[in-house]
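Open the model in your viewer and keep the selection tool at hand. We will go from the whole chain down to single residues.

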Amino acid sequence: MKTYEKLYDILSQADDYVNGEKIAQELGITRTSIWKAIQKLEKEGIQIESVKNRGYRLLDGDLLLPSWIEEHSPVKVSFNPDCKSTQIDAKAGMEAGAPSDTLYLATSQSAGRGRFSRVFFCPSQGGFYMSLHLKPNLPFDQIPSYTILTAGAIYKAIKNLTLMDIDIKWVNDIYFKNKKIAGILTEATTSIENGQVTDVIIGVGFNFSIKDFPADLKNKAGSLFDEKPPISRNELIAEIWNCFYESDPEELIYLYKQHSLVLGREVSFNQNNTNYKGLAKDVSDSGQLLVQLDNGQEIWLNSGEVSLSSW
């Protein structure tokens, strides 16, 4: 780890002030180097209090530590501090022959996009953005619903670490207190030669601890934490992918359905320029939504074909 990362690690584990001389001895650096590391952390949005004869204390904020995430999860991490989009980074890595199971990570994005190329709010502090590259090499009809599995893993990770419950809105949105806090975007590449899905990229944008939103999003977007978070972003990121890789897919699908905001409720959607209403009854393992229309007819909806207009 770099000096400022090591300093953050020391401060984040301390319950009180840490003496500057002790830090210098532990890291084998000068007091001037400590000050430079503190300035770097402050530029990253970390709030540190300095008191003469007592030392330094972490007040607020956390730092993404790629090496820590690698040590505590099954993924290799590629961190980009000047990221346009982690999806773009993942595609570039894929084309360059980078190994699968690589997580492309950023604290912000300058060109983040959601489903249907919608603009995704990406502030400079308080969120995290990541894209996981997988190489399934399977026929399309055998590909798991990675969006559903990821949503289930996010629920399980948050529950494991905080005992908090979140909700899932079909097909790819995570909600907390009736506001969206995360979105999932899954993209796949298929080989023309054999028709198999060779590569999948799962993108996640997550509002971890964001206090200010644009006026047009204040009533729609939220954050997992409003006050000082009891866990770090590093812990949550690592736990999400631990749950994704180590959980039984059936468990993650079950969690997705159990915590759905849509199932059992009336939904409206537009298909082929016609408006419909019906009761959302089930979600298939492949991610389709079963809706019973007002006339009793049951139809399966694909996420790419319809848009829910109310729930």
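This is a predicted model: local features need pLDDT of at least 70, side-chain atom pairs count only at pLDDT 80 or more; totals for chains, interfaces and linings use all residues.

Residues are numbered from 1 along each chain as its sequence is written, and side-chain values use heavy atoms, with hydrogens and water left out.

**Stop 1: the whole chain**

Show the protein chain as a cartoon. Look for 8 helices and 15 strands. Both are DSSP runs numbered from the N terminus: helices are H or I with at least four residues, strands are E with at least two. The radius of gyration is 22 Å, close to the 19 Å from the globule rule for 311 residues, so the chain is as compact as a globular protein of that length. That radius is taken over C-alpha atoms, and the rule is 2.2 Å times the number of residues to the power 0.38. Along the principal axes, the C-alpha atoms fill a box of roughly 75 × 45 × 35 Å.

**Stop 2: the domains**

Color 1–58 as domain 1, 64–257 as domain 2 and 263–306 as domain 3. These bounds come from an automatic or database domain assignment. The C-alpha centres of domain 1 and domain 2 lie 30 Å apart. Their contact (heavy atoms within 4.5 Å) takes 7 residues from domain 1 and 6 residues from domain 2.

**Stop 3**

How much area is buried between domain 1 and domain 2? It is about 500 Å², and carbon and sulfur atoms give 51% of it. Buried area is the accessible area (1.4 Å probe) that two parts lose on being put together, summed over both. Now select Met1, Glu5 and Tyr8. They supply 57% of the area that domain 1 buries against domain 2, more than any other three residues.

**Stop 4: two loops**

Most residues other than glycine have a negative phi, and most peptide bonds are trans. Select Asn53, in the loop between β1 (47–51) and β2 (55–60). Asn53 is not a glycine, yet its phi is positive, about 70°. Next, go to Val171, in the loop between β7 (167–169) and β8 (173–176). The peptide bond from Trp170 to Val171 is cis, with omega near 5°.
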